[in-house]
Amino acid sequence: MLHHLKVAALAAVTAIGTLAVTPAFAEAPRVAVALPGMITDRAFNENVYNGLVMAEEQFGADTAYTENVSQATQVEVMSDYARRGYDIVVGAGGEYTDAAERVAASFPETTVIVLNGAPTEGVTTINYNNPEFGYLVGLVAGHVSETGVAAALSAQEFAAFTNVVDGFRKGFQTANPEGEVLVAYTNDWADIAKAKEASFNLISQDVDVILPYLDAGWVGVAQAAEERGIHTVGILHESDTNLVSARLDFARALAWAVEKYQDGTLEPQDYVIHLTSVDQLGDFSDAVPEDVRARALEAVEKIKSGALSFDTE
Amino acid sequence: MFEFLINPAQLADVLSTALRLSIPLIFAAMGGLLCERAGVFNIALEGQILFGAFGAAVGAYYFGSPYAGLLVAIGFGMLSGLLLAILGISLRVNQIVVGIAIILFATGFTSFMSRLLFPGGGNSLTLDGFGPINIPILSDIPIVGKVLFAQNGLVYGALLLVLAINFLLFRTRAGMSIRAVGETPSAADAAGIHVFRTRYACVITGSAMAALGGAYLVLTQVLLFSDKMSAGKGFIALAAIVLGRWQPKLAFMACLLFGFFDAVQLRLQFNNPEIPFQVFAALPYLVSILALVGLMGRANPPSSIGRPYDREMR
């Protein structure tokens, strides 16, 4: 009899314990991110890291991250987090897509997210509609540019960047049909000195607005712009030389995903974030006249209403 | 395609870019060459550039003067050289392994410390740097004047360093000793040359020179510190030493060649969007391979390079 009582008591305690634990578990998701670079790059990696901080502050998430995860260790790092019971494991960047697919297959309980990744079975991918963001900064650049020549600078050629450039060119030429957009690559995401030299070279070819798509390298572009008195536009960075920015804000994307996970509505599918809200834009610089600002805001409305849309590759 | 070679303003632009891109290579290559001439492999150049860059940022930030940055950079370079010397010369650890260890240590140490020491991280700094010094009269010469005589002090320093190393190695008694120690340390020892002392001196001095390459990046080019900002320059400097067949003048020209092709590569991309940019990015390496197999003849490294000296060894 006593024995039965003990079992009942134990069952009751366990039940209460479970009840007590489950809601707490739902309230505080555990989120881990694998990053390709360092959180101090003032660009993509830092942006994703800020998303982690937002998730912690807004949703009380228990967070962890690993920096400088090389291609060879992606699966190991992400699997390790899944094994340690993290609810959400994020690969920061399209290069994590293959690793994410394998981790998602091995750990079906874990929600695996890739930022900027190609749609993949079993994985949640979050993408920005790149041309929309390129278009908006291109439009502003086209109206402000005096020489009619702008440039986009990245480290390597890849689909997301090409899509940004397509939008950028379209925006630039909408404002100035004669306008020309150059494209250049530095071959290094973080080499500030080289990005600066590349910018000087662009400037000597009449470029007066540059769109950097780099990690820490953008600092060199901003320095060159400041020294030679030209402008930049930002989709990954903020600086004083920016005419305006329309940021591919992965901090916002990550926080959004964590919120959706909490609501229980995050599915393993591809999500595309559009440029539909004015608060996605940074501040306009003084060099941007009122009527150009109005046109930029109008463009956001057009994208929102569907009057302006872009095909991506 | 090559219009920029005819337009004087654009040509001056490309050539100044080339010179600026090759200065860190020149510092590192001269440092590495001095070590190797004394018979010590200095693979760590990449890490020493990074130490120099970090030291320059620390000095300039905390003492508010680029000269202090220069001194701290040299200090960091000498310390890393001392580490290489103790492990690779006295303790006879494999010098390649020590070099790689120093690179890895430099990467981790500088990025960790820059988060601790610089509020907001190293790449939000705006340090005081060295501005250009226009040499009177000479800087007014078209093209050449702008490229050669309107640069900052460290550029002139790098050019003088090449002459100094060349003079030291081939025109002085000390240089003779250095070369002897690098070729046949036992003979040099028998002739009364201090093998260990000479190697220590060369490695520590050479490492300080490599660090100046990093200081140049920080104090003249970008005025901030960012993680891994050496970006492979140390390895290219190593290639320049081999390409220059361990001769200071030739290694200097190899550095200029790499810098020139880097600059031209940046320029060619803009004019030829239809050609894949990788073709241009690979150009400097293609040229160096061609130069190695054909034009420059066989490379003859100092014969006891990488072999720690042991008096008792036969």
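**View 1. Ala68(B) in its helix.** Ala68(B) sits in helix α3 of chain B, where helices (H or I, at least four residues) and strands (E, at least two) are DSSP runs numbered from the N terminus. This is a predicted model, in which local features need pLDDT of at least 70, side-chain atom pairs count only at pLDDT 80 or more, and totals for chains, interfaces and linings use all residues. Residues are numbered from 1 along each chain as its sequence is written, chains are lettered from A and ligands numbered from 1 in the order in which they are written, and side-chain values use heavy atoms, with hydrogens and water left out. Ala68(B) counts as buried because its relative accessibility is 16%; buried means under 20% relative accessible area, exposed over 50%, and partly exposed in between (1.4 Å probe, protein chains only). Leaving aside residues up to four places away in sequence, Ala68(B) touches Gly59(B) and Phe63(B), a contact being heavy atoms within 4.5 Å. Gly55(B) is 13 residues from Ala68(B) along the chain, and their C-alpha atoms are separated by 9.4 Å.

**View 2. Helix α3(B) from end to end.** Which residue caps the N-terminal end of α3(B)? The cap is Ser65(B), with a side-chain oxygen 3.0 Å from the backbone nitrogen of Tyr67(B). The helix covers residues 66–90, and its 25 residues should span 36 Å at 1.5 Å a residue; the end C-alpha atoms are 35 Å apart, which agrees. That expected span is 1.5 Å times one less than the number of residues. Just after α3(B), Arg92(B) takes a positive phi of about 55°.

**View 3. The buried residues of α3(B) and their cover.** Buried residues in this helix include Gly69(B), Ala73(B), Gly77(B), Ser80(B), Gly81(B), Leu84(B), Ala85(B) and Gly88(B). An α-helix has 3.6 residues a turn, so residues three or four places apart point the same way. Among the elements that cover the buried residues of α3(B) are α2 (45–63), α4, α6 (153–171) and α9 of chain B.

**View 4. Where chain B meets chain A.** Here 28 residues of chain B are in contact with 32 residues of chain A. The size of an interface is often given as the accessible area lost when the parts come together. For these two chains the buried area is about 2,600 Å², with carbon and sulfur atoms giving 51%; it is the accessible area (1.4 Å probe) that two parts lose on being put together, summed over both. Across this interface the rule finds nine residue pairs in polar contact, both residues at pLDDT 80 or more. A polar contact is a pair of N or O atoms within 3.5 Å; within protein, one must be able to donate a hydrogen and the other to accept it, and residues adjacent in sequence count only if both atoms are side-chain atoms. On the side of chain B that touches chain A, at least two residues each come from α1 (8–37), α4 (95–117), α9 (195–222), α11 (248–271) and α12 (277–295) of chain B. Of these, α11(B) gives the most, with seven residues.

View 5. Lys194(A) and Asp262(B) form a salt bridge, their closest N and O atoms being 3.6 Å apart. In a salt bridge, a side-chain nitrogen of Lys or Arg is within 4 Å of a carboxyl oxygen of Asp or Glu. Are the two partners buried or exposed? Asp262(B) counts as buried at 17% relative accessibility, and Lys194(A) counts as buried at 12%.

**View 6. Salt bridges within each chain.** In chain B, the side chains of Asp189(B) and Arg311(B) meet in a salt bridge (2.6 Å, N to O). Asp189(B) lies in helix α8 (residues 185–190) and Arg311(B) in the segment after α12 of chain B, so the pair ties together parts that are 122 residues apart in sequence. Asp189(B) is buried at 14% relative accessibility, whereas Arg311(B) is exposed, with a relative accessible area of 57%. In chain A, Asp279(A) pairs with Arg252(A) in a salt bridge, the closest N and O atoms being 3.7 Å apart. Asp279(A) counts as exposed at 53% relative accessibility, while Arg252(A) is partly exposed at 33%.
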